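This report concerns the fold of a single protein chain. Please consult the sequence and the structure shown here while reading.

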Amino acid sequence: MTRDGYDTTHPLTLPSYRRDDVDAHPPLLSPGYKSTVIRAPHQPLVYLPQRLTEVTGPLLGEGRLGEFDHDLTRQHDGEPQGQRIIVHGRVLDGDGRAVPHTLVEIWQANAAGRYRHILDNWPAPLDPHFTGVGRTLTDERGRYEFITVQPGAYPWRNHDNAWRPAHIHFSLFGRAFTQRLVTQMYFPGDPLFFQDPVLNSVRDEQARQRLIARYDHATTRPEWALAYEFDIVLRGRDETPFEDEDDDE
């Protein structure tokens, strides 16, 4: 039998992915976001049971973390260009309880709005001191923190004169790759929100606002870095909208 996505007859079975709150999560087919026209499934989803193979590895613990994985400004010999920022928050469940020891990964464009990726070749400079990827584990209280630089906006060919607002991609893992959720964090007051179909595919206004970080002056470090707070809620009324993990822009 099942309860809330769990097979209660098998202690190692993990919850299956479901889109219970259709107002919070963007639909898989959002025509304004043209990539979904190609990527979205044309048939009803089929949920596959997760068995021992999926839940016994790979391990995603502390042994997989490097010294500067959480600090994207110290991963190279020199410092990257751009505004240094601290991005921090908590990972919570639907009842507001901390989710400890969860692997949180981020990836982002550099300060000029360019990814270090072979397919990103628009005329913005690459930064030799910035790769744009990081990872960390939440602590006992579900807290995480990254040090990075403010990403820039970048053009994409989704529609006429299309620019993506500055954003950071987040990926959260449970205990195996089958427990993965992907979302994006935006910055307050960005003038490009109005024409971004990725953000606006979240139809519920309150849910959409949960993708926008809060400027946190109390956590800024004088003469060193600004700070933004971004909590991620996995389920429930205040759930953070998550996207199809195949979407990578």
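The structure is a predicted model. Its chain contains four helices and 13 strands. Of the 249 residues in the chain, 45% are buried. When contacts between residues at least 6 apart in sequence are considered, 69% of them join residues at least 24 apart.

Strands β3 and β6 form an antiparallel pair joined by seven bridges. Within this pair, Arg84 is placed opposite Val149 of β6. Strand β6 is mostly covered, as five of its seven residues are buried. The residue ranges of the two strands are listed here.

| Strand | Residues |
|---|---|
| β3 | residues 84-92 |
| β6 | residues 143-149 |

In a regular strand, side chains alternate between the two faces of the sheet.

His25 belongs to a loop, the one between β2 (6-7) and α1 (35-39). Is His25 buried or exposed? The relative accessible area of His25 is 6%; buried means under 20%, and therefore His25 counts as buried.

Methods: Residues numbered from 1 in each chain as written. Predicted model: local features only at pLDDT ≥ 70, side-chain atom pairs only at ≥ 80, totals over all residues. Heavy atoms only, no water. Buried < 20%, exposed > 50% of the residue type's maximum accessible area, 1.4 Å probe, protein only. Pairing = 2+ DSSP bridges. Contact = heavy atoms within 4.5 Å.
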